[in-house]
Amino acid sequence: MMDQRGRTAVRTLLTDAESGILLFGITPPRLSAAPERIREITAATLARLDFLDLDGLALYDIDDESDRNPAERPFPYLPTVDPATYHAEYLGGWNRPVVIYRCVGKYPEAELRTWLQMADTDRVLSVFVGAASKDKTVRTRLSEAQALRRDVRPELLLGGVAITERPDEHLRLLAKQEAGCAYFISQVVYNADAVKSMVSDYYYACRERRLTPKPVVFTLSVCGSVKTLTFLKWLGVDVPRWIENSLLHADDTLAESYEHCLANARDLVAFCRRLGMPFGFLVESVSIRKVEIDASVALAGEVSGLLGRCQSSA
């Protein structure tokens with residue numbers, strides 16, 4: 001399993017605002033899957049990740065985001081197991097921390113309250129995600145969920161989403177920090193320049209206000225097909241035109257995107273270390289194709305090396 005660094009709690013890394021956090025993001029299995037099939041998928045996932053020096057997992061909470069984009073969704077929306085349920089019932093073999101996403105608009109306040117009261121804050125962190133659009137009908141607004149957490153379970157370490165494409169995102173990060181966020185996780189990154197601009201704006205805004213900047217974790221996701229690329233763009237990911245051209249015309253789209261992700265990781269590591277900005281990476285695959293999942297695991301291993309870690313020999 002992991003070495004001593006791998007067993008260091010994400011909580012401590014985030015609280016101490018150290019650089020170099022490494023997470024791996026997974027989507028729980030489909031809700032329609034039988035329990036035995038879910039156990040098989042989980043065992044295969046943990047076996048893939050066993051050699052990586054990860055600080056934790058991120059478990060996504062999938063919501064129907066058709067209100068975000070009127071265009072047809074490239075991959076159909078299929079409900080998945082609730083991430084908190086998946087963690088409690090199927091991830092007993094994972095002994096490191098887990099970041100559980102909560103699309104708070106899906107849940108009545110009473111259900112969020114119960115989850116907050118029961119969450120094991122020594123193992124669980126969370127990211128609260130607001131509605132995909134202002135027109136979406138929600139049961140609990142993001143501001144209400146943040147206030148509920150402050151009142152019910154302030155010791156639960158809370159994170160927020162960072163969307164690097166928005167020009168005023170640093171102001172949103174400051175507002176989320178004031179609302180209790182101790183870290184941020186970005187949407188998928190393909191435009192490193194946009195990320196650096198956001199990080200720079202946020203870092204200097206914190207310095208001007210005499211605040212300690214919170215860690216920003218950058219999400220990397222390989223793209224193995226034109227359909228996956230279309231899905232990333234549907235989700236709102238900014239893929240620069242020159243990168244899109246290189247992916248569309250590459251002999252091997254997956255290998256090409258892998259190199260872009262790795263180059264962005266190198267760029268962001270150097271930039272954040274030079275600036276003195278606490279940071280980290282979350283590596284994921286938005287596709288369920290085995291070849292793309294395997295590539296994301298390999299990418300996480302290379303990013304681990306960029307952070308100066310030693311992989312285990314598992």
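A residue is called buried when its relative accessible area is under 20%, exposed when that value is over 50%, and partly exposed in between. In the predicted model described here, Y203 has a relative accessible area of 16% and is therefore buried, whereas Y204, with a relative accessible area of 38%, is partly exposed. A search of the whole structure for aromatic pairs finds seven of them. In the pair formed by Y203 and Y204, the ring centres lie 5.2 Å apart and the planes stand at 90°, so the arrangement is edge-to-face. A pair of aromatic rings is described in this way, by the distance of the centres and the angle of the planes. Ring pairs also link F218, F279 and F281 into a cluster.

In soluble globular proteins, nonpolar side chains tend to be buried together. When residues up to four places away in sequence are not counted, F281 touches I21, L22, L23, V217, F218, L220, A265, L268, V269, V303 and L307.

Not counting residues up to four places away in sequence, V199 touches F218, F271, C272, L275 and M277. V199 also lies 7.3 Å from H170, C-alpha to C-alpha, although 29 residues separate the two in sequence. A further buried position is T164, which has a relative accessibility of 7% and is found in the loop between β5 (158–162) and α7 (169–178). With its neighbours within four places in sequence left aside, T164 is in contact with S186, A194, V195 and M198.

A contrasting position is R210, in the loop between α8 (192–209) and β7 (216–221). At 79% relative accessibility, R210 counts as exposed, because this value is over 50%. The backbone of R210 has a positive phi of about 60°, although the residue is not a glycine.

The second largest pocket was examined in terms of its volume and its lining. About 320 Å³ of space lies in this pocket, and 15 residues line it, of which A84, T85, A88, W115 and M118 lie nearest its centre. The elements α4 (83–90), β3 (98–103) and α5 (109–118) each supply at least two residues of the lining. Helix α4 gives the most to the lining of the second largest pocket, with five residues. Sorted by class, the lining of this pocket consists of seven nonpolar, two polar and six charged residues.

Definitions and conventions. Residues are numbered from 1 along each chain as its sequence is written. This is a predicted model: local features need pLDDT of at least 70, side-chain atom pairs count only at pLDDT 80 or more; totals for chains, interfaces and linings use all residues. Side-chain values use heavy atoms; hydrogens and water are left out. Helices (H or I, at least four residues) and strands (E, at least two) are DSSP runs, numbered from the N terminus. Buried means under 20% relative accessible area, exposed over 50%, partly exposed in between (1.4 Å probe, protein chains only). On a 1 Å grid over the protein atoms alone, a cavity is a set of points where a 1.4 Å probe fits but cannot get out, and a pocket is an open set with protein on both sides within 12 Å along at least five of seven lines; lining residues have an atom within 4 Å of a point. Grid points are joined across faces, edges and corners, and a volume is the space filled by probe spheres set on the points. Ala, Val, Leu, Ile, Met, Phe, Trp, Tyr, Cys and Pro count as nonpolar, Asp, Glu, Lys and Arg as charged, and the others, Gly among them, as polar. Contact means heavy atoms within 4.5 Å. Rings of Phe, Tyr and Trp (its six-membered ring) pair if their centres lie within 6.5 Å; planes under 30 degrees apart count as stacked, over 60 as edge-to-face and the rest as tilted.
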